[in-house]
Amino acid sequence: MDLQHTFSGAPHRDVFVLSGGAARGAVQVGMLEALLDAGVVPQAFVGTSVGALNATFLAWRPDRARVRELRGRWLALRTRDIFPGGTLTRVHHLVRQRPYLFSSASLRRLIDDWKPVERLEDLPIPTRVVTTPLVGESAVYHRSGVLADLLVASAAVPAVFAPVALPGPDGSVSLHVDGGVADNVPVAGAADLAPTRVWVLDASLPASRPPRGRTPIDVLVASLGVAMRAGRTPDLGPDVEVVRIISRDRDVRMTDFSMTLAHMEDGRQAAERALDAVHDAAVERLARQRASTGSPRRALRLRAPRVA
């Protein structure tokens, strides 16, 4: 038996859930590298905000070459690529009574450059993108639609970016904002994807970090973080294993992309620790089963070899 199979010998159906986290989304690149190196391949994705961008990029082809390409994209990112302009630009938006501090134009250009397909349902790997409607349900787990519009909406932090108009199943149009407002770590979105195991690639801020309040955006993001952490992780049932991967907090601003490489390494190390824990738990469980049935003991090998 190995990490790709359940105790019954059936292949695992692994679903990757990628949280929001702005610049901390880089930790997910390292996590993805470690998981794929260990032979854990996603059968489906769920993503919120920056996690949705990472998820849809990899859902085109979930292999190590694609993750290396994602790594290169992240290393080229700068704050101005997503948050353009300075203080005068933000004041201009406020004076004109616009419902945002930053134009979404730069974010949309980046998404247009990263998106592998035009429509979400055209991705080879089933993927859910999470948004928060301003009226109605608490969260929407999109399985189809114009991919660029969904990704812009999923990352549209309220008051930072403008809400995005999206069509509903009945054809009506409503405004949507960042999926993290309703479900920043969208484990619930995996429920209809029939997982046997869910890997949670958590790039969100830890609850222990105090708000710094250095800028209005810092205060806003910290306030949203409180609301985002209020939700409970849903119960997917006794037959679904949920593995949460959380990396260290480097205490940098969510709009600061200067620590991308360090975030990636933190993510890889966190994923490797999680893989070791899964391995150790499986060894212990199998040993208990053999002891209870009187089966002969023999060497156990559950981990796939890591590939440099």
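# Burial, salt bridges and cores in a predicted model

Me: What relative accessible area does Arg-244 have?
Reply: Arg-244 counts as partly exposed, the class between buried (under 20% relative accessible area) and exposed (over 50%), with a 1.4 Å probe and protein chains only. This is a predicted model, in which local features need pLDDT of at least 70 and side-chain atom pairs count only at pLDDT 80 or more, while totals for chains, interfaces and linings use all residues. Residues are numbered from 1 along each chain as its sequence is written, and side-chain values use heavy atoms, with hydrogens and water left out. The relative accessible area of Arg-244 is 34%.

Me: Which residue meets Arg-244 in a salt bridge?
Reply: A salt bridge is a side-chain nitrogen of Lys or Arg within 4 Å of a carboxyl oxygen of Asp or Glu, and the N to O distance in this one is 3.2 Å. Helices (H or I, at least four residues) and strands (E, at least two) are DSSP runs, numbered from the N terminus. Arg-244 lies in strand 8 and its partner in strand 7, so the pair ties together parts that are 42 residues apart in sequence. The partner is buried, with a relative accessible area of 5%, and is Asp-202.

Me: What distance separates Asp-183 from the nearest side chain of opposite charge?
Reply: Asp-183 lies in helix 7 (residues 180-183) and is buried without a salt bridge. For charge, Lys and Arg count as positive and Asp and Glu as negative, while His and the chain ends are not counted. The nearest side chain of opposite charge belongs to Arg-244, at 8.5 Å.

Me: How many residues apart in sequence are the parts that Asp-192 and Arg-143 tie together?
Reply: Asp-192 and Arg-143 form a salt bridge, at 2.4 Å from N to O. Asp-192 lies in the loop between helix 7 and strand 7, and Arg-143 in the loop between strand 4 (140-142) and helix 6 (147-154), so the separation of the two parts is 49 residues.

Me: How many of the residues of helix 1 are buried?
Reply: Helix 1 spans residues 27-37 and is mostly covered. Of the eleven residues of helix 1, the number buried is eleven.

Me: Which residues have the most contacts inside the largest nonpolar core?
Reply: A nonpolar core is a set of buried Ala, Val, Leu, Ile, Met, Phe, Trp, Tyr and Cys residues joined through side-chain atoms within 4.5 Å. The largest one has 64 residues, and helix 1 gives the most to it, with seven. Trp-199 is in contact (heavy atoms within 4.5 Å) with residues including Phe-16, Leu-35 and Leu-275. Those with the most contacts inside the core are Trp-74 and Trp-199.

Me: Which residues form a nonpolar patch on the surface?
Reply: A patch takes residues with over 30% relative accessible area and no salt bridge, joining like charges within 9 Å and nonpolar side chains (Val, Leu, Ile, Met, Phe, Trp, Tyr) within 5 Å. One member, in strand 6 (residues 173-178), is partly exposed at 42%. Together the members have about 300 Å² of accessible area, by the Shrake-Rupley method with a 1.4 Å probe, where for residues only the protein chains shown count as cover. They are Leu-134, Val-135 and Leu-175.

Notes. Lists of a residue's contacts leave out its neighbours within four places in sequence.
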